[in-house]
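Please walk through this structure with me, from its strands to its surface. Keep the sequence and the 3D view side by side.

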Amino acid sequence: MGIIKLISTENKMQAELTIQMLKENGINCYYMENGAGSYMNITSGFSVFGQEIFINEEDKDKAEELINIFNEKDRETTGQQYNKKIRKPILVYLALILIMFIISIAFVILS
């Protein structure tokens, strides 16, 4: 039995909360920064690369069950359901607005 990746998180806070919850339930785990995440945390205080949480392979079933319970409780308390499919259209929309803004500025400058 070896070490396996359990999940990837989007930010350090989510990783820290997940690690704390797993350790409180007797699961040895740790997380690592993705990409240049460690460098970004040092220089800017945050990272856009996310973190990966690793556990012992024999703890996989228990850890996944705990993650599911944790996520259900999180949805209940916030009243929101996280949906990754929504994020991409919002980013595309914001990018289009930014492009239109830059084009309008260019027209004003060139006029």
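Two strands count as paired if DSSP finds at least two bridges between them. Helices (H or I, at least four residues) and strands (E, at least two) are DSSP runs, numbered from the N terminus. The model is predicted: local features need pLDDT of at least 70, side-chain atom pairs count only at pLDDT 80 or more, and totals for chains, interfaces and linings use all residues. Residues are numbered from 1 along each chain as its sequence is written, and side-chain values use heavy atoms, with hydrogens and water left out.

Start with the overall layout. The protein chain holds four helices and three strands. Read from the N terminus, the order of elements is β-α-β-α-β-α-α.

Now the strands. Strand β1 (residues 3-9) pairs with strand β3 (residues 51-56) in the antiparallel sense, over six bridges.

Rings of Phe, Tyr and Trp (its six-membered ring) pair if their centres lie within 6.5 Å; planes under 30 degrees apart count as stacked, over 60 as edge-to-face and the rest as tilted. Tyr30 and Phe54 are stacked, at 5.4 Å centre to centre with 20° between the planes. Tyr30 lies in strand β2 and Phe54 in strand β3, so the pair ties together parts 24 residues apart in sequence.

How covered are the two rings' residues? Buried means under 20% relative accessible area, exposed over 50%, and partly exposed in between (1.4 Å probe, protein chains only). Phe54 is buried, at 14% relative accessibility. Tyr30 is partly exposed, at 36%.

Next, charge pairs. A salt bridge is a side-chain nitrogen of Lys or Arg within 4 Å of a carboxyl oxygen of Asp or Glu. The whole structure contains two salt bridges. Glu52 and Lys5 form one of them, at 3.6 Å from N to O. This pair links distant parts of the chain: Glu52 is in strand β3 and Lys5 in strand β1, 47 residues apart. Lys5 is partly exposed, at 43% relative accessibility.

Lys60 and Glu64 also form a salt bridge, at 3.9 Å from N to O. Both sit in helix α3 (residues 60-78), four residues apart, so about one helical turn separates them. Lys60 is partly exposed, with a relative accessible area of 37%. Glu64 is partly exposed too, at 33%.

Move on to the surface. Patches are made of residues with over 30% relative accessible area and no salt bridge: like charges are joined within 9 Å, nonpolar side chains (Val, Leu, Ile, Met, Phe, Trp, Tyr) within 5 Å. Accessible areas come from the Shrake-Rupley method with a 1.4 Å probe; for residues, only the protein chains shown count as cover. Leu98, Phe101, Ile102, Ile105, Ile109 and Leu110 make up a nonpolar surface patch, with about 660 Å² of accessible area together. Leu110 belongs to helix α4 (residues 84-110) and is exposed, with a relative accessible area of 72%.

Finish with the totals. The protein chain has an accessible surface of about 8600 Å², and 60% of that belongs to carbon and sulfur atoms. Of its 111 residues, 21% are buried. Contact means heavy atoms within 4.5 Å. Among contacts with a separation of 6 or more, 64% involve residues 24 or more positions apart.
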